[in-house]
Amino acid sequence: MELKLYMFDTCPYCRKVINEIEASGRTDIEYHNIHKNEEDRQELIRVGGKQQVPCLFIDGKPMYESDDIVEWLRANPEI
């Protein structure tokens, strides 16, 4: 499963998701900071249709809303 988190450092909702990832010890999620990498920002818009973060791409399919992402992460632990 390919997991990519589109985020930026000062976003409180992104921090919520990142804190969950770090607390769980997950190592299977690729981070893409849209404020530090223009290509990542463009990819988020191209695939997701908007510049909203946090956005977790699960096998290329975007999931928005920090609560939904946290819920998904807890229901789908790293194997």
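Histidine 32 lies in strand E2 (residues 29–33), where helices (H or I, at least four residues) and strands (E, at least two) are DSSP runs numbered from the N terminus. With a relative accessibility of 10%, histidine 32 counts as buried, a term that means under 20% relative accessible area, whereas exposed means over 50% and partly exposed in between (1.4 Å probe, protein chains only). Leaving aside neighbours within four places in sequence, histidine 32 is in contact with Lys4, Leu5, Tyr6, Met7 and Asp40, contact being defined as heavy atoms within 4.5 Å.

This is a predicted model, in which local features need pLDDT of at least 70 and side-chain atom pairs count only at pLDDT 80 or more, while totals for chains, interfaces and linings use all residues. Residues are numbered from 1 along each chain as its sequence is written, and side-chain values use heavy atoms, with hydrogens and water left out.

Strand E1 (residues 3–7) runs antiparallel to E3 and is joined to it by four bridges; two strands pair if DSSP finds at least two bridges between them. Leucine 5 has leucine 56 as its bridge partner in E3, and leucine 56 also stands opposite methionine 63 in E4. E3 and E4 (residues 61–64) pair in the antiparallel sense over four bridges, forming a hairpin with two residues between them, and aspartate 59 in the turn has a positive phi of about 50°.

In a regular strand the side chains alternate between the two faces of the sheet. Both faces of E3 (residues 55–58) are covered, with Cys55 and Phe57 buried on one side and Leu56 and Ile58 buried on the other.
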